[in-house]
Amino acid sequence: DLVLDAGPCRLGESSVVLRVGPGHFDLLRPGILDLEALRSTAGLRIGFVCTGNTCRSPMAEGIARDLVARRLEVDPARLGEFGFRFVSMGVMAGSGAPASSHAVDVLARERIDISSHLSQPAVPDEIEQLDRVYALTQRHLDALRALLPPGRARHCQLLDPDGEEVPDPIGGPLAEYERTAAVIRRLVAGRLPEWV
């Protein structure tokens, strides 16, 4: 073992001691950074974008919240304590429409509740506040890039890095929503190691 003494700390503040692990994001000793600053750098603000924000993107938001919570071994309601925030929006969405009943039912079987979801349009201010924005098709990604000033859409990408698009189940039977949810779950699970 070796200890190097570099003399007094120029900042004159204690180091922060933080316990981070499954189910824990606890400040054990305060220091130069407060708990909110630590949380904001620890997690990610992640958005999902589809057309109307009533089927695919709300399902992606719910599935992502569920998978990240499982990885962190916490209740999804506690994800904010770890600095994570999930949202969804639509490039052609109005405000306040509920999630499709089939989308709600399919995720409810997995104990994921999106029943209180209300649609919102994709707007530049919201998009720019996110760390990562995942479009569910190339058309959605093109629309996002058109919304933002040049060079400001680098954090926007397809959910699937290989270019697979998430099929739109709107107006279809429950089985189509099940297939769409399975595609979303697979693609979100593929992104999970980048996030947590």
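Student: Is Asn53 buried or exposed, and how is such a label read?

Tutor: The label rests on relative accessible area: buried means under 20%, exposed over 50%, and partly exposed in between, with a 1.4 Å probe and protein chains only. Asn53 has a relative accessible area of 0%, so this residue is buried. The model is a predicted one, in which local features need pLDDT of at least 70 and side-chain atom pairs count only at pLDDT 80 or more, whereas totals for chains, interfaces and linings use all residues. Residues are numbered from 1 along each chain as its sequence is written, and side-chain values use heavy atoms, with hydrogens and water left out.

Student: Where does Asn53 lie, and what is its phi?

Tutor: Most residues other than glycine have a negative phi. Asn53, although not a glycine, has a positive phi of about 60°. Asn53 belongs to the loop between β3 and α2; helices (H or I, at least four residues) and strands (E, at least two) are DSSP runs, numbered from the N terminus. Arg111 also has a positive phi, of about 65°, and is not a glycine. Arg111 is in the loop between α3 and α4 (124–128), and its 78% relative accessibility is why Arg111 counts as exposed.

Student: Which side chains make polar contacts with that of Ser88?

Tutor: A polar contact is a pair of N or O atoms within 3.5 Å; within protein, one must be able to donate a hydrogen and the other to accept it, and residues adjacent in sequence count only if both atoms are side-chain atoms. The side chain of Ser88 makes such a contact with that of Asn53 at 2.9 Å, and another with the side chain of Glu61 at 2.7 Å. Ser88 is in strand β4 (residues 85–90) and, at 2% relative accessibility, counts as buried. With residues up to four places away in sequence left out, the residues that Ser88 touches (contact means heavy atoms within 4.5 Å) include Phe48, His117 and Gln120.

Student: How many residues are in the largest nonpolar core?

Tutor: In soluble globular proteins, nonpolar side chains tend to be buried together. A nonpolar core is a set of buried Ala, Val, Leu, Ile, Met, Phe, Trp, Tyr and Cys residues joined through side-chain atoms within 4.5 Å. Here the largest one has 39 residues, and Phe48, Phe84, Val188 and Trp195 have the most contacts inside it. Two or more residues come from each of β3 (45–50), α2, α3 and α6. A second, separate core has 14 residues, among them Ile127, Val133, Ala135 and Leu158. Beyond its neighbours within four places in sequence, Phe84 is in contact with residues including Leu44, Val68, Trp195 and Val196.

Student: Which residues of α3 are buried, and why do they line one face?

Tutor: Helix α3 (residues 101–108) has Ala103, Val104, Val106 and Leu107 as its buried residues. Viewed down the axis of α3, these fall within an arc of 165°, so they line one face of the helix; the arc is that of the directions from the helix axis to the C-beta atoms. Their cover includes α2 (56–72) and α6 (174–195).

Student: What is the nearest side chain of opposite charge to the buried Asp160?

Tutor: For charge, Lys and Arg count as positive and Asp and Glu as negative, while His and the chain ends are not counted. A salt bridge is a side-chain nitrogen of Lys or Arg within 4 Å of a carboxyl oxygen of Asp or Glu. Asp160 has no salt bridge, and the nearest side chain of opposite charge, that of Arg186, is 5.5 Å away. The side chain of Asp160 does reach the backbone nitrogen of Glu164, at 2.8 Å. Asp160 is in the loop between β6 (156–158) and α6.

Student: Where is Arg152, and which side chain does its own side chain contact?

Tutor: Arg152 is in the loop between α5 (138–147) and β6, and its side chain is joined to that of Glu128 by a polar contact of 2.8 Å. Arg152 counts as partly exposed because its relative accessibility is 46%.

Student: What does the protein chain comprise overall?

Tutor: The protein chain has six helices and six strands, in the order β-β-α-β-α-β-α-α-β-α-β-α along the sequence. Of its 196 residues, 41% are buried.
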